Amino acid sequence: MQFPDSLFPSCFGAGPPREVWGPAPASGWGERGQVLEAGPDRRQVRARGVGPGNRGVGRAGPALTSYLLSLQCGTAFVPRRGRTGESWEPAEAAAVPVLPPNAGCWIPMLAPRDILCRGILRKKLRAGKFRAALDFTKQLSHFFVDHPDDAFGSLGQLLHKNFFLGDSKLKVSVSRDTTIRMTALMEEIERLEARRGCTQEHLVPRLRWFSHICRDWLFEVPLGVLGDYVHEELLLQCADLFFNDSPMGGALAWLPPEDTGARTGRLVYPGGRAMNHLYFQDVVLEELPRAWGSPAQFELNGRIRQVAAARVDGEDFVGVRSDYHCGVWSVPGRIRAAPAPLQVIRTSVPASCLTVSPHLPGELAVCTQSGAVYLWSVETGLQRLRHDPQTMFFRDHSPWRWSDFTAHPRVLSCADRTGLQCLDARAPERCHFDLFKVGEEADCQQGERVMLPMYLGRAHPSHHLVATQFSVYVMDERLPLVPMLKWVHMMKAPPFFAHLMPGESGRSHKVLLGASSTQELLLLQYQGERLQDWVCRSACQLVGPPQKLHSITDCLQHLPTQLPHCHHLLQQRLGAPAAGLAATLQKDRSQESLLVFQLSEAGDVFCQRLTHKIAQPTAPTSVDEAEPSASPQPSLAVLSPGAALRYRRWLKALFNVCGEPPRHCWLPILSQKRLFIRKELQSPAGPSALQGQVRQHLRQVMREKGRIQRWDTPDALTPTLTQHPELAEGVDTLSTRLTAAWSGDWVQWWEERTSYNMAQRRRALRERRRQQKRARSRCSLSASFTSSVTYQSELSELSDAAPLPLSPSHPPVLPGEGSPLRSSPPASPAPDEALLSSQNLRSRGIPKERRKTLRDYLAVWAEGPPEPPEPPGSQASQLCIPSSQSQLSQSQLSSASQPRRKRPRMGF
Amino acid sequence: SSHEHKLNFQKSKEACLNYIQDAMLQKQWKRAAEFLTFYIEALEKDFSREYMGPSEIIWRIGSEILWHHSHNGMKEFNSFIEQMKTLAITRYLKVSLEHVFHLLCNGLIDEAYQTLSLAESWRHGEQTSVQDKEMKLIEAYRGLLDYYSWAKQKHILLKHGQDGFEDLSVEQEMHNCFRKAAVNLKEIIKIPGVWDPFVKCYVDLLEFYGDHDEARQVLNEYAYNSKFPANPNAHVYLYQFLKRQGESKKSLISALKILHDSVPSHELMIDFNIMLQKSKKRKKRRLGLEVIFAALDYAGCKENVKAWSCLVKQLKQIVISEKHLDWITQEWNSRRDWWPAFHFSHYLAKRNWQENESLSYEKALVAGILLGKDCKYFKYVSHQGCKAQVKRFRMLKKFVNKHNPVYLRISG
């Protein structure tokens, strides 16, 4: 192996990094780095694009003649960065799905708002001194509600006979001695729930007394211990939210075909709802790659974090890492040969790395978070090379470890966040050297940490890539500690995935870097010429500008317009963090293309194609200005028909899988529990004759499959409705609001709707009552509605339907489609107009003076502007759509209550 | 309020920068340039106290855009950079240095030299350690350019000398260049670092003027000073120097021995092995075997025919003489468990035979000696060779069969 004759000049310091500049936005641009004298035939090499860059300078033989040779050509220099690279252009406007969407509805990952105190988060973030504040009490209470069996299981079973939760009085004298009535306590708790968010939250003595007595024995796990566990778990989850390095390395692998001409390769990726199924899918590389046949599938018992693959002796070895298990599969090179599982190991501490040896069949390197590094051979088992919970060069809290192979099959590189060391597996204690150190040696910054090392063996046997959150380095193990190449990558999130595509016969090597959370994808090219017999004559250079590739989210703008909730679903799905990266070069006659596969955490695999544009052989005026990409790229705005079809199919499949409407779409419901006491709401026992009559009628209509247009006995309806509170469908608030705005009293409408000021409302009520007193000496409840209802009926006269009766309501019967409200009954029935009839109120034992207040109170809500007249053609729908005042009041009441936020759940 | 104004300004600045970045990463240079003209406003209200101010950002982005998308070539670039030098005053040296690199890459050596001289005389406030380093580099590059003009003069002089014509002014000029170059180059190689081009030029100068002791000292310092990184080239330069000087075998071997310790896979290891094989001392020949085995451990030397033939030669010698078989045993012991899979698999036999017949020949011989005649690699290759009626493969088979007992002794 030849070493470059001459390396780019660089200073070499020692010690901790001195520079402090953090993520600077443009620091990767505009630098040549250093220059080095180019050999005499360098230009010819570049003009042809291929060929040996064989330099004569400094090789055996008198230096003088070679210098003279070079001088005849004029001394030429090459920069470390900025030489022209190959031009690869995206063939499509966005990444295209390769496989159908991952089965099972994807559960979005935990978001910061789920476990952190919300107000604090925002305030702290703004102040810049962020320390996460965990919403511990909320999580613990969720635990009690969601997992009561785990929380109180055995004592709950023991005590359930002694706790009485019903409403009635305890009658039997025997049970009275041993049973406690808990109803009052429950009510207190419910009231407490209602007052949630209230600043003056007083704990009721009864509750305090209960918790004081029960705290020590009621819980399955002692409360202190449980609290500690929950808190610990929360801290872990919280740390994961900000930086989760478990997907490091990526869970996607491409197994290229055995001979380069073939077009069927194999994609290895995780799938399933918990990402615990391993798939080997044959993929045919065409204009758009497509799956061929059904995949080989293995079910594993853990989420797949990493899939690593390497080819040794024509056979692919695929290593799979989940938290506590690592497995290895072998895939013979023949097309459609079945993959065979070889061995599985179990670790007691989560594994953080699994790499497959490119040198020897069935050898892998495994690291665990306890700081252990193992060489795992399928034949001989595990060999521990190192066990050190401490980091190598300075103290860092991260337990992450990584290991990879080097040019020597018995020497492994071993990394933590502070740097890389190489260990000889034959004598790991004695033989080791430092390959990379976060420090002045590599001109690092303060706070810089190793994110992902990768062995670049396929490009050059002794090169390694080291990515930190700020820069990428190419290291040569023959000259440790000094980077051959350094470039500030300017990515927004640290790179988690890297993929190398070696360039053959003097062409540039391509490295893809991928970030997880931001889905960024960057294509770099570098050159350290690899010629026959591994001759590497020139020092490493970064060539061409870096290039950003499409991310999965980018395709959102190319998809057909969706309904808002579908769009939201799609946004969430496509925006899922990336989980893997793979790529392959494909040669098709004269056209060469680069296919980049991307896996998201939702389990979707997308692909994009880049085509190689060969630069026109223009006569270069100067050494380095033969830039072909001077013309601005035409931005691809439209998808090709093939890609559009792919998207349509994918979307259809996605909505079939995740079609059910999200649960949080429920209409807001107002609980009436706070309005009446329970006794007041108890309906008279036993169905009345009228109710029976109506039921009979209903049944008959249902049997006939007809529709109830109007009740035959309108006066008899009021009690019926109490049975069907759920019939009340939400009235379109938008139209009422628009109507209000049209008639000019929108401000009033808004105030009524939003006002929390009880005093104001009470004042308005009083005012109204006074007016009503003046207008009528005595009014019934139904009469109080007439004013508006008359208006309504006047309007409906426009249509040629029969005049509606002047009763407070004509029963609305909904069309048969199930509304969310109907499909499952609301937690607490809302008050409807039936409640307002004085007869009914009396029967519920509401005293006279309160009855009046109540009516007035509800009348305020009821007093909405009438609906605009319907066009004459839609009488049927007018009859079917509830339009009475009561409906209006219903919707207004319900919208006054706060919509219930969906509770975040922890992953217990 | 002014605070809010600042905050908004900061935000729009960041957004603008993001757009520029996005355009550049998609190679839309024109679009990026348009955004950059807006970003220049950031200079007017520079409230930032960040490490990298807007002036440096503009310099970096501007020069990147001009590299890739410029109509007037160097002229436009030069005028842009001149403005940037005054704008990013604290980064003057860095900007100048990068400017020089750009000029050099475009073959404008004289302009680069002028820029370097100008930068050398620049002073502004107290020099930081970074600026100190940059100044050293500027001086070093000027020294390098002086060296090149020295070499040019020398070339003219030699040519004229051949013509029997002497030119005193050229000679004067040449010595002048030598002095300037030597001073600056000597300075930079005192600082720890990788200074391959500078060291090479400096040694060349010294050698020309016959200052071999100084040259030797410089190379020794460069190779063996522990503050310097373990640069294989430093040892190579020293070795080449010693070879040019016609030094004794012993000193050459000791130079290469150190290179072997740090980079066992270096190409010079083949020369080293050849040198050691020729040696009469047993210890050296033993070292030679070690060296060649170690070189072949590396993936990079897997298909190096030269290295394999060196090993074959030495193995044959030992096997035929049947002396020092224990050397082979010792070397083989640490490789027994992985060399067969690494070098001598059936797959490799097939591939080597198809791609490189002579490689497969050498390897088959090694496999036959180390693994016996039943080894897959040997069997496949010798079979194929005999089938193809190649004479040396028949010889190979014969040789291995004859010396099979040796294999038994090695493996035993």
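# Briefing on a predicted two-chain model

The accessible surface of chain A comes to about 44700 Å², and carbon and sulfur atoms hold 55% of that area. For chain B, the accessible surface is about 19300 Å², with 51% of it belonging to carbon and sulfur atoms. A search of the whole structure finds 37 salt bridges over all chains, one of which, between Glu31(A) and Lys94(B), joins two chains.

**Chain A: make-up and surface**

- Chain A has 908 residues, of which 49% are buried, and its secondary structure comes to 25 helices and 35 strands.
- Among the contacts in chain A with a separation of 6 or more, 61% are between residues 24 or more positions apart.

**Chain B: make-up and overall form**

- The secondary structure of chain B consists of 22 helices and 1 strand; its radius of gyration is 31 Å, well over the 22 Å that the globule rule gives for 412 residues, so chain B is more spread out than a compact globule.
- Taken along the principal axes, the C-alpha atoms of chain B fill a box of roughly 95 × 65 × 40 Å.
- Of the 412 residues in chain B, 54% are buried, and residues 24 or more positions apart account for 60% of the contacts in this chain with a separation of 6 or more.
- Helix H14 (residues 282-296) of chain B contains Arg286(B), which counts as buried because its relative accessibility is 17%, under the 20% cut-off.
- Once its neighbours within four places in sequence are left aside, Arg286(B) is in contact with Trp327(B), Gln330(B) and Glu331(B).

- In soluble globular proteins, nonpolar side chains tend to be buried together.
- The largest nonpolar core in this model has 176 residues, and the members that touch the most other members are Phe436(A), Ile20(B) and Ile61(B); helix H7 (residues 129-163) of chain B gives the most to this core, with 12 residues.
- Apart from this core lies another, of 46 residues, which includes Leu360(A), Ile270(B), Ile292(B) and Cys310(B).
- Ile20(B), when its neighbours within four places in sequence are set aside, is in contact with Ala32(B), Phe35(B), Leu36(B), Tyr39(B) and Ile61(B).

**A salt bridge between the chains**

- Glu31(A) forms a salt bridge with Lys94(B), in which the closest N and O atoms are 3.6 Å apart; because Glu31(A) lies in the loop between strand E1 (10-11) and strand E2 (35-38) of chain A, and Lys94(B) in helix H5 (residues 92-105) of chain B, the pair joins two chains.
- Glu31(A) is partly exposed, at a relative accessible area of 21%, whereas Lys94(B) is buried, at 14%.

**Salt bridges within a chain**

- In chain A, the side chains of Arg449(A) and Asp396(A) meet in a salt bridge with an N to O distance of 2.6 Å; Arg449(A) lies in the loop between strand E24 (432-437) and strand E25 (450-455), and Asp396(A) in the loop between strand E20 (381-387) and strand E21 (402-405), so the pair ties together parts that are 53 residues apart in sequence.
- Asp396(A) is buried, with a relative accessible area of 15%.
- In chain B, Glu303(B) forms a salt bridge with Arg351(B), the closest N and O atoms being 2.8 Å apart; this pair links distant parts of the chain, 48 residues apart, with Glu303(B) in the loop between H14 and helix H15 (305-321) and Arg351(B) in helix H18 (residues 346-355).
- Both partners count as partly exposed, Glu303(B) at 28% relative accessibility and Arg351(B) with a relative accessible area of 27%.
- Elsewhere, salt bridges that share partners join Glu31(A), Glu56(B), Arg60(B), Arg91(B), Lys94(B), Glu98(B) and Glu134(B) into one network.

Notes: Residues are numbered from 1 along each chain as its sequence is written. Chains are lettered from A and ligands numbered from 1 in the order in which they are written. This is a predicted model: local features need pLDDT of at least 70, side-chain atom pairs count only at pLDDT 80 or more; totals for chains, interfaces and linings use all residues. Side-chain values use heavy atoms; hydrogens and water are left out. Helices (H or I, at least four residues) and strands (E, at least two) are DSSP runs, numbered from the N terminus. Buried means under 20% relative accessible area, exposed over 50%, partly exposed in between (1.4 Å probe, protein chains only). Contact means heavy atoms within 4.5 Å. Accessible areas come from the Shrake-Rupley method with a 1.4 Å probe; for residues, only the protein chains shown count as cover. The radius of gyration is taken over C-alpha atoms; the globule rule is 2.2 Å times the number of residues to the power 0.38. A nonpolar core is a set of buried Ala, Val, Leu, Ile, Met, Phe, Trp, Tyr and Cys residues joined through side-chain atoms within 4.5 Å. A salt bridge is a side-chain nitrogen of Lys or Arg within 4 Å of a carboxyl oxygen of Asp or Glu.
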